[in-house]
Amino acid sequence: MSNVGTGPGPITPDGSSVDFYSLLRPGAEPDLVAQVTPPGGSVLELGAGVGRVTHALVERGFEVVAVDESAEMLARVRGVETVLGRVESLRLDRRFDTVMLASQLVNTVDDRSRRELLGSCARHVKSGGSVLIQWMPPEAHDRWHVGMGREDGDVTITMAAVEQVSPGIFHATMRYGHGEDTVWTQSFASKRLTDDELAADLTAEGLRLDRFLTEDRTWVVATTI
């Protein structure tokens, strides 16, 4: 299944709506980064999108480099260095206090791509630094069902369709609504990873699963081996 999106405005190759993501608030991510990054430290944000989290990190005094493969997304990022390119092949020849990989990118169904994503994290984190990874833990996958969702300000986010098409592989479609008549959809595939599988992939790229940073286990801290 290829990731696809529908709705008004530009849609990126992974199905993300630039206009929709511009409506979202930063959420808890800045607080999580602050827990693992020294004050004023450097942060490499992989898959930064429109700067939803980037701008909040800058306000807190962090030095941020924002990376994304979408020029339309990066055009909305302000006040930081931006890098247009794929996370998997990124080579900046410098290292950061914290590398953040959000949006459950590690749940890709392509095992090689997952290793490449984690390899990029390992290449860019300082010794003693932190890799902050958002993932979909196995128990969260098990709770997926049509109709589940949440509100983010005046935006509604609802799972419109979900199917386990093979053991551990899910196809899902999210519906995003704003106001009375603005709707986007994003369809994607996701792999149900166990803790051991995630830890093994981290180890293969020279990283160690250090701890879960949140009670729901959706944020993982990894360190260099």
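**A walk through the fold**

Let's start in a loop: Arg217 sits between strands E11 and E12. Helices (H or I, at least four residues) and strands (E, at least two) are DSSP runs, numbered from the N terminus. Arg217 has a positive phi, near 70 degrees, though the residue is not a glycine. Arg217 is also buried, at a relative accessible area of 18%; buried means under 20%, exposed over 50%, and partly exposed in between, with a 1.4 Å probe and protein chains only.

Before going on, note that this is a predicted model, where local features need pLDDT of at least 70 and side-chain atom pairs count only at pLDDT 80 or more, while totals for chains, interfaces and linings use all residues. Residues are numbered from 1 along each chain as its sequence is written, and side-chain values use heavy atoms, leaving out hydrogens and water.

Now hop to the loop between strand E4 (81–84) and E5, where you'll find Asp93. Asp93 isn't a glycine either, yet its phi is positive, at about 55 degrees. Is Asp93 buried or exposed? Asp93 is exposed, with a relative accessible area of 79%.

Next, follow strand E10 (residues 182–191), where seven of the ten residues are buried. Strand E9 (residues 169–178) pairs with E10 in the antiparallel sense over ten bridges; two strands count as paired if DSSP finds at least two bridges between them. Met174, for instance, has Gln186 as its bridge partner in E10. E9 and E10 make a hairpin with three residues between them, and Gly179 in that turn has a positive phi of about 70 degrees. Strand E1 (residues 4–6) also runs antiparallel to E10, joined to E10 by three bridges, and Thr6 stands opposite Thr185.

Helix H2 (residues 29–36) is worth a look too: Glu29, Pro30, Leu32, Val33 and Val36 are buried there. Down the axis of H2, the buried residues fall within an arc of 160 degrees, so they line one face of the helix. That arc is taken from the directions from the helix axis to the C-beta atoms.

Finally, head inside. The largest nonpolar core has 25 residues, and Leu44, Leu46, Val67 and Val131 touch the most other members. Such a core is a set of buried Ala, Val, Leu, Ile, Met, Phe, Trp, Tyr and Cys residues joined through side-chain atoms within 4.5 Å. Helix H5 (111–124) is among the elements that each supply at least two residues, and H5 gives the most, with four. Apart from this core lies another, of 19 residues, including Leu32 and Val36.
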